[in-house]
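Please keep the sequence and the three-dimensional view at hand while reading.

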Amino acid sequence: QLAKSPKENLNMGTLFRSEEMTNVQLYIPMEIAQQTVAELGDLGLIQFRDRTFVNEIRRLDEMERKLRYLRGQIDKAEIPIKTATASVYARARTHQEIDELEERLAEHEGRIQQMNTSQETLNKRFLELTELRHVLKETTIFFEE
């Protein structure tokens, strides 16, 4: 779906059904599809509807979920993070970069989940030991009397 003018580009993120658009169908050779879509996306004048990449979209949604989880853990731990500049987000990523990012996200998520589980186990064990120490202290007082 194409916006009618570059001015509409500013509001591209807020598309409504009532906005005037033109529906076009593009046939792009696979060899240049990623570069072409990236360039068109950078223009901000187009919205894509592609049913053939549903699995890829689901994969990216899962990566986004992992990022939200990691962000939540960072916020929970009150760890300051440095925000990236806009230029970091300015280009489309290659399949290899996305694969590497997916792998790193999975590793980090797994490690964080393992650390959370370990922390819960340690906290539970600490409470048990504190309770036992209190019981020993009370029994010692009882037997000394």
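At what angle do helix α2 and helix α3 pack, and how far apart are their axes? In this predicted model, helix α2 covers residues 54-76 and helix α3 covers residues 95-144; the two pack at an angle of about 40°, and their axes lie 10 Å apart. That angle makes α2 oblique to α3, because angles under 35 degrees would count as roughly parallel and those from 65 to 115 as roughly perpendicular. The crossing of α2 past α3 is left-handed.

On the α2 side, the contact is made by Glu 56, Arg 59, Leu 60, Met 63, Arg 65, Lys 66, Leu 67, Tyr 69, Leu 70 and Gln 73. On the α3 side, the residues in contact include His 95, Ile 98, Asp 99, Leu 101, Glu 102 and Leu 105, and also Ala 106, His 108, Glu 109, Ile 112, Gln 113 and Asn 116. Sorted by class, the contact of α2 with α3 has 10 nonpolar, 5 polar and 7 charged residues.

One residue of this contact may be followed further. Glu 109 has its place in helix α3. Its relative accessibility is 8%, so Glu 109 counts as buried, the cut-off for buried being under 20%. Apart from neighbours within four places in sequence, Glu 109 is in contact with Arg 65, Lys 66, Tyr 69 and Leu 70.

How is the protein chain as a whole built from helices and strands? Its secondary structure comes to 3 helices and 2 strands, and along the sequence these follow the pattern β-β-α-α-α. The protein chain has 145 residues, of which buried residues make up 10%. Among contacts with a separation of 6 or more, 67% join residues 24 or more positions apart.

The loop between α2 and α3 holds Glu 78. Phi of Glu 78 is near 55°, a positive value in a residue other than glycine.

A search of the whole structure finds 1 aromatic pair. This pair is formed by Phe 142 and Phe 143 and is edge-to-face, with 5.4 Å centre to centre and 70° between the planes. Edge-to-face is the term here because the planes are over 60 degrees apart.

The table sets out the accessibility of selected residues.

| Residue | Relative accessible area | Class |
|---|---|---|
| Glu 109 | 8% | buried |
| Phe 142 | 57% | exposed |
| Phe 143 | 68% | exposed |
| Glu 78 | 70% | exposed |

Glu 109, by contrast, counts as buried.

Note on methods
Residues numbered from 1 in each chain as written. Predicted model: local features only at pLDDT ≥ 70, side-chain atom pairs only at ≥ 80, totals over all residues. Heavy atoms only, no water. Axes fitted to C-alpha atoms, helices over the stretch in contact; angles between N-to-C directions. Helix = DSSP H or I, 4+ residues; strand = E, 2+ residues; numbered from the N terminus. Parallel < 35°, antiparallel > 145°, perpendicular 65-115°, else oblique. Left-handed = near helix turned anticlockwise from the far one by under 90°. Contact = heavy atoms within 4.5 Å. Nonpolar A, V, L, I, M, F, W, Y, C, P; charged D, E, K, R; others polar. Buried < 20%, exposed > 50% of the residue type's maximum accessible area, 1.4 Å probe, protein only. Phe/Tyr/Trp six-rings, centres within 6.5 Å; stacked < 30°, edge-to-face > 60°.
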